[in-house]
Amino acid sequence: MDNLKQLAFAKKGMVRLLMAASVLKGLAMVGQALFFVMVADRVFLNGASFRDIIPLLGGLLAAILLRVSSGYAIGRTGRNLAAAVKKELRSELIASFADSPLLASARGQSGRKVSLLLDAVDETDGFFSLYIPQLMQTYIIPFILLAVIFFLHWPTGVIILLTAPFIPLFMAIVGKRTKTKADRQMEELGHFSGNFLDVLQGLTTLKLYGRVRGQAEVIRTNSLNFRDATMDVLKSAFLSSFALEYISMLSIGIIALEIGMSLIAFESISFFTAFFVMVLVPEFFALLKDFGSAFHSGRGGVAASEQLAGQLREERQPVVWGRETLSAVPPHLSLNGVGFRYGDGFALGPVQAEIPPYSRAAIIGASGSGKTTLLHLIAGLLPASRGNVTVNSVPREMISEKSWFGQLGYISQDPYLFAGTIEENIAIGADRETSRKEVREAAEKAGIADMVLSLEHGFDTRIGEGGRGLSGGEKQRIALARAFLKKPSVILFDEPTTGLDLKTERILQASLDELGKSATIITVAHRLHTIRQSDVILYLDSGTLLAAGSHASLMDTFKPYREAIAVQQGDEAL
Amino acid sequence: MSELKTMISMTLRERRDITLAILCGFLAGLAGVALLASSGYLISQAALAAQMVILVALGACLKLFGLAAAVSRYGERLFSHRATFTMLGNLRVSFFGKLSPLAPRIFHEYRSGDLLSRIVGDVESLQNLLLRVLYPPVVLLLVFTSTIFFTSFFSAAIAFVLLAGLLLTVVAVPGLFAWRKRKTKPAVRDSRADLSAEAAEFLYGFRDLKIYQQADARKRQLQSFAESYEEEKRKEGLQNTFMQSVNSFIAILTTWTVLALGAYFVAAGELDGLYLAMLVMISLALFENIAPMAVFPSHYEESRQAAARLNQITERPVPETGSGQLPEGAWGLEAETLAYTYPGEERPALRDVSFRISPGTKTAVVGPSGSGKSTLLQVLLGILPADSGTASIGGRKLNSLDPESLWSRMNTVLQHNHFFYGTIRSNLLIADEDAPDEALQEALETVGLGAFSLSQEVGEKGGNLSGGEKQRLAIARAMLKGARLWLLDEPVSSVNAATARSIYARLFRMRPDDTFVIVSHDLTGLEHMDQIIVMENGRIAENGSYAELMEAHGYFYELKQIEKSVFAS
């Protein structure tokens, strides 16, 4: 809860506004009681005429207006505070996502991150919009009321000082007991409440196995069990608010008794004072009760805030860029002991290799050996944690991001299609205005133009999220079209394993030959012929570069490669 | 309101709890009013005549009404929550009853995978329907009318003022804001949807955005979407705060009017001054009860929309199905110019698909991803309705058969097999309730999961099992069902090659006369199949035995060449 509080109190202006509005509200509450009691006193006991009390009614109206408007100001500031803090939280989250070195590779986490950005941040809302404003009021208003009560009739003040602490004390005790109980039942509750979703998700299975009939009864039983378990938790919560109401009621009762004694038995105070105190006291206890309920709405944000803090604490490793620019000619790439490590987990490198212009390099190794990580390092999607990549002897870190990515093409196994038209998805390749003619030519070279033109809306067909789906092969060809439009001088290619149609397989081969005429191509290779045709093969095993060289030289000198090829060819002979 | 009709009638079924809740709420409200009214009256009385008896009465009233208020508030909370949770249970059961005839076809029409969690969320959000929408106005009306009735004995004018306050704070203002909300609500939801979509694009497409130098622009766009979402939320929140303030202002203004009128009547001699404080206290206490109305508009709107979304699903017509019964048997399958296009898609997923699978044979359906293999299987299962052409099983047209009867004759393993929270045993028993433990254990042995204990826990959606374990468990479950036609969709794609081969070998040995249809992207081990159907682009490219296809040097042959050349070090 403390880190949320810090966030709130960092907004000094709004906190001050809350404090000022709380002071005003406290004063207005006193004023309201004062004028109200004065009217009653004058009319009832002093037999004043209606005309006499008109100014008092005016004063009461003013106090009421002040109370309502300061209350509104508090509510409004709370909302503004919540909005301001949540905007900052989201902005920080987005920045931390963008700088996370794993974002480029770890897609599995994306769903969780979306929910962090939307739901977790929203869950903290109550803390800022309700809890903090109520906290401010609880810091300020009871003391104003208490001061007035002491001034009017000090014994009442003393009674309040003696009884009021029982409320937070009691709340703390009950709250703790409820919490342990709730925690214990949480898991059980989770299963109960998950049951409905579980059955719905399994509906296909249930139907195929002819087991739907009994399920309604299962849902009913589970719902009832869920109800009873929840009621158990709620009962103790209700019991605590019952006790709370009863304690404050008892305190008010004691005070009323004491005031009555002073009024009737000792005649030490006037009706005016007695009535005044009796109006203020319930207001005092109501504030404490309000705080109790606001505390619960604030608590909801704590778990969410821990998730958020976890994300914001995550290691940030932004990729560093410089100002040098590149020409459009394929550069000479050198991997100088380059390596990457994230946390205590996977480590790659050091990798030492030379990739001359127009050459073809292949990265091979078992799955999990770090092939794609190396490709990402070369691409400048991950920061090197050791060594570096030089481009024409200039460290990649000194080159401008724009210039580097301007020369780079990347065809992954699963290219991402953005929500938009096919034309937009191809044109994203070139960082410039493109004509429909250019896009169409690129699509033709990538062998997808026919398919696109067969669609009702052609290149204006919407794809990606909310649009029509493309098959794996068609996505590959869209990625190729992007590369044809961009004309990069370095192409990184994550060769598909299997599952592509023959047409795409052929087009991929032909296109890479075509693109390779004007570019260096570095491939995470899965096809034997791609590997054989490469000028340099980098053989990775568990993050370590075991060998580098051409097919011929590896066959001569590197046994594991020779054996792997032999197994492959043995298979082929079968 | 019409959207909520079913939900309301379902809620009202919990008559006993609701009546008790309303009674308790009514008593709590009245006790609160009585508490303040009596203290106002007694203090006035004490000011006139200093008598000990008044003091005693004051103490007694405070304790009595205070306790009564606290106890009945407790009862109110208890009963209203219990009614709510019972109602949610009924709602789940009734919704399940309406959804199950639509399944599994409906899951294919709603492409978004979150349909089910949305349903669950909507059902959950309806818990506010009773607690915060239906119930507070009823209790308020009861408390107000009886208090107003009481007040009318003292002053008709003051009773009238209270009535006006009631109408404004309980009916007019919440109604007005609920109506306004209905018009403005989409802004928040739309901006949330925008933000969610943009965030997904940014995160899932980050690598491509980076390469194509769009990452910074999209990051800024994401930031601005986040801000406009928050801005909409803020506006909505401010509207709520405003309504709350308006309502409390009207409430307090009513009390002020009561005071001013009362003072006027007292001065004019029309009202005994003794009752002035009491009447004002009544008004104060009465309007303390309207706090729940502050959240009425948002909860009303939320419940209405949740109900509308749920109705949209349950009001769909139940698809007509055949009623023919299929006897037991290792049936063959036949397809004649089958075609199928997914709703909203232009390109057919299947077209002109014809084949014949003889009883007791083994058929593999292979082809690249997106070629229509799984769609074909779904059509054969009767889950997707063919647009044209016919599919038949054992000579009977598929659509003339009762789906339940059809499914009872098939052992199916789909790409996503659901496992329920429970144990291995409870998940296997779905196939055959009466199967003894030995049979279950034997099925596990067959799929190489002999090391599993039957009482081992299975998490939600089988979350504690690996992909390969889930697939093998699904095969074991299908085996236990004991039907003689097998339809398997990529049943071993996450199982290592050697294990997969041995599972197939055991399966074929144990059930030599059953009909098998296996969809697979993997081309190894197809030598033993009687028939291989090769699909491409929704069509059958080739069809024949392994030897025939390899001989033909066609599509299958080339796919096989590619598979062979894939380097696995």
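## Exercises on helix packing, strand pairing and chain shape

In this predicted model, α3(B) passes α6(B) in a right-handed crossing. The exercises below start from this pair.

**Exercise 1.** Find the angle and the axis separation at which α3 and α6 of chain B pack, and classify their relative direction.

*Solution.* 
- Step 1. Locate the helices: α3 of chain B covers residues 52-99, and α6 of chain B covers residues 127-152.
- Step 2. Read off the geometry. The two pack at an angle of about 135°, and their axes lie 7 Å apart.
- Step 3. Classify. Angles over 145 degrees count as roughly antiparallel and those from 65 to 115 as roughly perpendicular; α3(B) is therefore oblique to α6(B).

**Exercise 2.** Describe how α3 of chain A packs with α10 of chain B, and give the classes of the residues in the contact.

*Solution.* 
- Step 4. The crossing of α3(A) with α10(B) is right-handed.
- Step 5. Sorted by class, this contact of α3(A) with α10(B) has 23 nonpolar residues, ten polar and ten charged.

**Exercise 3.** Identify the strands that pair with β1 of chain A, and name a residue pair for each.

*Solution.* 
- Step 1. β1(A), residues 333-341, is joined by six bridges to β2(A), residues 347-355, and the two run antiparallel.
- Step 2. Within this pairing, Ser334(A) has Glu354(A) of β2(A) as its bridge partner.
- Step 3. β1(A) also pairs with β4(A), residues 386-391, over five bridges in the antiparallel sense.
- Step 4. Here Leu333(A) stands opposite Val391(A) of β4(A).

**Exercise 4.** Decide whether chain B is a compact globule or more spread out.

*Solution.* 
- Step 1. Count the elements: chain B has 20 helices and twelve strands.
- Step 2. Divide the chain. Domain 1 of chain B spans 2-314, domain 2 comprises 333-409 + 483-565, and domain 3 spans 418-479.
- Step 3. The centres of domain 1 and domain 3 of chain B, taken over C-alpha atoms, are separated by 48 Å.

Key:
Residues numbered from 1 in each chain as written. Chains lettered and ligands numbered in written order. Predicted model: local features only at pLDDT ≥ 70, side-chain atom pairs only at ≥ 80, totals over all residues. Axes fitted to C-alpha atoms, helices over the stretch in contact; angles between N-to-C directions. Helix = DSSP H or I, 4+ residues; strand = E, 2+ residues; numbered from the N terminus. Left-handed = near helix turned anticlockwise from the far one by under 90°. Nonpolar A, V, L, I, M, F, W, Y, C, P; charged D, E, K, R; others polar. Pairing = 2+ DSSP bridges. Domains from an automatic or database assignment. Rg over C-alpha atoms; globule rule 2.2 N^0.38 Å. Parallel < 35°, antiparallel > 145°, perpendicular 65-115°, else oblique.
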